[in-house]
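Please open the model in your viewer and keep the selection panel at hand.

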Amino acid sequence: MWRSLGRRRDEATIRILLKARLMPRSTRSSASPSVSRSRSRTPSRRTESRTRPLTIVAQDPSIVRDGRILTATVDVPAEALAAGPWGHRVQIIDYDASTDTLYKPLNATAHGTGGQFLDPYANAADRTILRDPNFHAQNAYAIVMRTLARFEFALGRRVSWGFGSHQVKVAPHAFADANAFYSERDEALVFGYFPGHDGALVFSCLSHDVVAHETTHALLDGLRTRFTDPSSPDQAAFHEGYADVVALLSVFSLTGIVEYLIDYSGKRRDTKRDRRVIARKYVDHEQLRESIVFGLAEQMGSELSGVRGQPLRRSLALSRSPRHYRDDPDFLEPHRRGEILVAAVLNAFISIWSHRLETLGDVVPGHLDRRRVVEEGAAAADRLLTMVIRALDYTPPVRIEFGDFLSAALTADAELQLDDSKYHLREHLRESFELFGITAASRGTATEPGTWRAAKALKLSFSRTHFESLTRDPDEVFWFIWENRRALEVFDGAYGRVLSVRPCLRIAPDGFALRETVAEFYQVIKVSAAELPRYGLRAPNGMPRSTVVSLYGGNALVFDEYGQLKYNIHNNISDSVRQQRRLDYLWRYGFFNAEQVTTNRFAELHLRRAMGATLERATGEEW
Amino acid sequence: MAAKRSNRPARAPTRLTLRAYQVGFGDCFLLTWQYSRTQRHVLIDFGSNGQPTTAPKNLLNAIADDIRKQCGGKLDAIVLTHRHKDHITGFTTQKDGSGPGDVIRALGPDVVVQPWTEDPNAKTDATEATTDGIDGKSFVSMLSAMHTVSAGVVAEAGRLAATETAPWRRQMFQGLTFLGEEGILNRSAVENLMAMGKAGTATYVRHGQKSGLEKVLPGVGITVLGPPTLKQSSAIKKERTADATEFWMLRAAAGERMAAGGEPPFPAAATLSSRRPPPYARWFVPRVRSIRAEGLLSIVRIMDDAMNNTSVILLFEVGDSMFLFPGDAQIENWQYTLDQPELMRKLANVTFYKVGHHGSRNATPKTLWFGFTHRGPANKPGRLRTVVSTMADKYGSLAEGTEVPRRTLVTELQKNSDFFTTQSLGGNKLSQDFEFEL
């Protein structure tokens, strides 16, 4: 059903389909029209639906409203579920290795059969939310599916996981440990549980941002498989920072969470508290930022910092200053550095939101319609989320740096949305990144600064390639690259491979379709340290001459609907400045040591972050 | 009976007898300093985490008895480099007074030297600590929490090994038990050392401090090279501290839960057989077990590194002779010393090296080793003497290049020093003596 939707979707329709509806836990919230739909005492039923509603915890159980855990009802693609839940892209297998326990899933009928879609946990009590493993399974399933659907919507195509099979396996209670991670080898997302400060168990699978974060790792790994290679500090940080960005924007796109923030803002400051309005002075940039910090960041379960760090609180604590970036040794640890990316995007989000609110008229002097304020916040997060997901297609396939990502996001948005006058997304994003010391990798044009340079000036040969094949066939794309290798600045003499060819259809807000084909090409050569000078590089101090070093390069080729090349976004093997930076970093941090080769990079990274263990290893001192 | 001490002014000793005990995987060295009219006895570490199959069951008691015999009933000082099992179990006491630690305690050591992280006051007052980027107070709390974590790891790995059907994974869980046991708190040994320190003089040392051994070893120059403080070795922000401390406190709570039996979080929930899972789960269940085994391994390795890096590193000097005892210090601990040219010039003259951390790959920094000027071929006059106390096949893996002792290191030690390994003693001989004229 979801597939048939793909042929006729338009953005407005899909936005409605994906829109999360809050299930308020108090009578006060019943003003929201979405509330009345989902407050029935019996499991909700839908037939012939393209989506299905499922109850999730809105953020995590520490976010409580009117004495109850704040939950949401989200729409996810409808499918006939097997027991697990187990669908076409996600399989929940609730096995706990620490206690050797395999929990029995709900019978498939609980989620509906024969075209009926039930939400067995509609209006679930807090006790059920905390103590029923089958609710935890549903929560994980729904958030993983929602995140996947969000990517597919933004990119206009199916999105594969970062491994061979169709279904990611999810273990909501995999072990008794303060950790959660994506394991490519095991095709899995695994979530731990552990006793909190008060002795009660904390379940990481109940944390929306943790589940969305790990799902994003799995999706990003599918879209840019070389981003997990040891490379630059930025690349190591990008996976973490980007996963945090997607997770947090995903949370902020829930109107209920935004409402929670605004409530907090009103409670703190507005003694009269007319719940239909909010004073304009309480929703400027600084006040909104403060609401996020004190209304959400400080409330999110501190115990979970061992699992996710504290990207929201810590990134918002960064002052807007370029001093944080690149050269500060404190920001070399991947999670810490990733916070810069999070800070830049969150700051842009607040700017976009506050800018939108400035354009709204007062409903009473000095006051705005509270509901509108909430909707604008969720919409700003949603728009920005779409933008950062679309950016992935415009990133170089290897050795990404934050400036590359900024150019990619600006280009992706400019391609689809010529008129940026409503949200000023690109302007706010560019300015915000610059505030944190990140400048776009490309200068762009006078009208669209920071975007990638178009490939139209390149002298390319299409005479031996075929348009239709070029949209789907890696061999055809490789032929095109081979024919044009000099124009595309591909390195002569290196092994090369087309990693992917992905046709996509994106719908602009004006209803027009943008058809593109995105191909990923990467190259590698292996040389000894002694040979590095031939490539304009020097071996890091202490590196034995016989050490084998891999040098990577790659191109993202974006073809238009006529098969013409629009963009050639590349990081070349011959870029000696970036290559040297990468080599020095890898050597300094011991990535050439056998011990650093770990079977599960994300698990180790999360663990070391949580433990405060430094990543820097003395190199060349070991036997 | 304790030997009576002379009040004569101190003079440098003329001879050192170093007795390396066969403790299997562990360290135990008795240093007997021969003065003109007396002897001074210093015990450096006494622990074991795995003994040769042919060793007597009461090996540690036999060693304690031998120490008593060698020192004539009076120990002058004890150095505990760090509190890992393979360095501390010999100090364990028994209620009936039959533990090896009871024997040692009766020897009435005048000085007990431990790393500053063992200082009971450090838990509340310290502002600096050792190696890995955490402030002192948090670091000590973290080390304390690690003991609980270790207990949890051992309990969980033991249960998982018992239910494991795949031999390689069962072996992995058993290996985890060994590693985890290293870090379990040996309360009686810790309390015994504290009590001995109170009865005499307890010193808790860090890089650059006086060791406290000076008063029992007149004429011997003693330099404390490690552990460094955090301020000396790292400048990580306090926010990181909060994360790490938080993590270890929570891990400790999880460890307690595991050690207490590992009750499933939903005891009343319906379950399926994990031994014969339904077909849809048969591929995945073993994978989650592997994921867990790897996770536990990462945790114990990080704990192991952290504890090793609290090791006291001592350098003894008499005339042209220099004796280096680094405990299990790894590179992170060594780094502060390696960065100081003056100290490195001094270390170049080392004549005896107790090989760090049982010969592991990252406890003998190459910069240090290749800086030793007495290193060289067999015919080199005044050739460096090296001794490692170790036991192969207990730790690490050859495939990963983490085996202990590390083959490449042993080859180098054999090639360029007078090398001795306690492994060569087998299970029948208790110790090996080395004599040094000073």
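Begin by selecting strand β12 (residues 385-388) of chain B together with β13(B); the two strands pair in the parallel sense over four bridges. Please keep in mind that this is a predicted model. Next, select Thr386(B) and look across to β13(B), where the bridge partner of Thr386(B) is Phe419(B). In general, the strands of a sheet pair through backbone hydrogen bonds, in either a parallel or an antiparallel sense.

Now widen the selection to the whole sheet. It is an open sheet of six strands of chain B, in the order β7-β9-β10-β11-β12-β13, and the pairing is mixed. Which strands lie at the edges? They are β7 (221-226) and β13 (418-421) of chain B, each of which pairs on one side only. From one strand to the next, the twist averages 15°.

The crossing of α6(B) past α10(B) is left-handed.

Finally, display the side chains at this contact. On α6(B), the contact residues include Met172(B), Phe173(B), Leu176(B) and Leu179(B). On α10(B), they include Ala293(B), Leu296(B), Leu297(B) and Val300(B). Charged residues also take part, among them Arg169(B) of α6(B) and Asp304(B) of α10(B). By class, the contact has ten nonpolar, three polar and four charged residues.

Note on methods: Residues are numbered from 1 along each chain as its sequence is written. Chains are lettered from A and ligands numbered from 1 in the order in which they are written. This is a predicted model: local features need pLDDT of at least 70, side-chain atom pairs count only at pLDDT 80 or more; totals for chains, interfaces and linings use all residues. A crossing is left-handed if the near helix is turned anticlockwise from the far one by less than a right angle, and right-handed if clockwise. Two residues are in contact if their C-beta atoms, placed from the backbone, lie within 7 Å. Two strands pair if DSSP finds at least two bridges between them. Axes are lines fitted to C-alpha atoms, for helices over the stretch in contact, and angles run from 0 to 180 degrees between N-to-C directions.
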